[in-house]
Amino acid sequence: MDSRDDSLDAFLNRRVRVLSDRFCRIVEAPALPQLDYFDEDLKGLMLRVFRSGKKTWYFRYWSQGKKRGERLGRFPAMSSKAARKAAELLKAGRVLGADPAAERDARRNAESFADLATEYLKRHATHKKSS
């Protein structure tokens with residue numbers, strides 16, 4: 001079996017009963033740019049393993065017909081237990097109608113202090129100039 005067959009096999013078998021610290025330690029970097037492993041116990045919890053060997057926790061969900069995701073942290077700095085707790089909190093928020101990705105996008109698109117200062121100067125400083 002060549003490495004291409006191994007990559008295909010890994011791609012097709014990405015569901016894991018429980019994403020544990022032990023699993024995260026033993027999972028190897030894929031030949032593909034990245035490979036996602038999904039927890040069957042907690043829907044939405046995902047571990048993304050990059051070709052470089054970095055492993056990152058995500059919470060994936062659907063919102064308004066779009067697949068959305070929130071990065072939780074990197075393994076081993078964030079354990080599977082901590083990632084599970086964070087995902088459960090985000091999932092509870094989703095039940096109440098919160099959309100973490102939309103909130104993040106709104107923060108990113110909010111006006112910066114520089115924008116507000118420029119607007120203030122444009123509206124007020126030019127009119128009150130003594131010269």
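How many of the six residues of strand E3 (residues 45-50) are buried? I found that five of the six are buried, so strand E3 is largely enclosed by the rest of the structure; buried means under 20% relative accessible area with a 1.4 Å probe and protein chains only, and strands are DSSP runs of E with at least two residues, helices runs of H or I with at least four, numbered from the N terminus.

I noted that this is a predicted model, in which local features need pLDDT of at least 70 and side-chain atom pairs count only at pLDDT 80 or more, while totals for chains, interfaces and linings use all residues. Residues are numbered from 1 along each chain as its sequence is written, and side-chain values use heavy atoms, with hydrogens and water left out.

Next I looked up the partners of E3, taking two strands as paired if DSSP finds at least two bridges between them. E2 and E3 run antiparallel and are joined by five bridges, with glutamine 34 opposite phenylalanine 50 in E3. E3 and strand E4 (residues 55-63) are also antiparallel, with five bridges, and methionine 46 stands opposite tyrosine 58 in E4.

I then checked tyrosine 58 for charges and found the charged end of arginine 48 over its ring, 5.0 Å from the centre (the rule asks for NZ of Lys or CZ of Arg within 6 Å of the ring centre and within 35 degrees of the ring normal).

Last, I turned to the hairpin turns. Five residues lie between E2 and E3, and glycine 44 in that hairpin takes a positive phi near 105 degrees; four residues lie between E3 and E4, where glycine 53 in the turn has a positive phi of about 100 degrees.

Terms used:
Buried < 20%, exposed > 50% of the residue type's maximum accessible area, 1.4 Å probe, protein only.
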